[in-house]
Amino acid sequence: MKVLTHKDVMELLQVSDKNAYRLLKSKDCPTFKIGNQYRILEEDLITYLKQKDAG
């Protein structure tokens with residue numbers, strides 16, 4: 001299980017800073033916060049993106 005940071009999401013998905021934050025702040029995205037920083041489990045991100053693609 002790997003916990004991804006905002007920067008990890010940017011690099012993994014090859015998206016801009018703004019788009020990574022938009023994704024992580026999305027109400028239906030399964031993120032959590034540590035302090036004021038968003039985090040997401042790698043498996044949760046993959047599942048979320050697959051569901052969005054299939055939907």
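Biologist: In which helix is the place of H6?

Modeller: This is a predicted model, in which local features need pLDDT of at least 70, side-chain atom pairs count only at pLDDT 80 or more, and totals for chains, interfaces and linings use all residues. Residues are numbered from 1 along each chain as its sequence is written, and side-chain values use heavy atoms, with hydrogens and water left out. Helices are DSSP runs of H or I with at least four residues, and strands are runs of E with at least two, numbered from the N terminus. Residues 6-13 form the helix that holds H6, namely α1.

Biologist: Is H6 buried or exposed?

Modeller: Buried means under 20% relative accessible area, exposed over 50%, and partly exposed in between (1.4 Å probe, protein chains only). With a relative accessible area of 13%, H6 is buried.

Biologist: Which residue forms a salt bridge with K52?

Modeller: A salt bridge requires a side-chain nitrogen of Lys or Arg within 4 Å of a carboxyl oxygen of Asp or Glu. The closest N and O atoms of the K52 pair are 3.2 Å apart, and the partner is D28.

Biologist: How many residues apart in sequence are the parts that this pair ties together?

Modeller: K52 lies in helix α3 (residues 42-54), whereas D28 is in the loop between α2 (17-25) and β2 (32-34). The pair therefore ties together parts whose separation in sequence is 24 residues.

Biologist: What is the relative accessibility of D28?

Modeller: D28 counts as partly exposed. Its relative accessibility is 46%.
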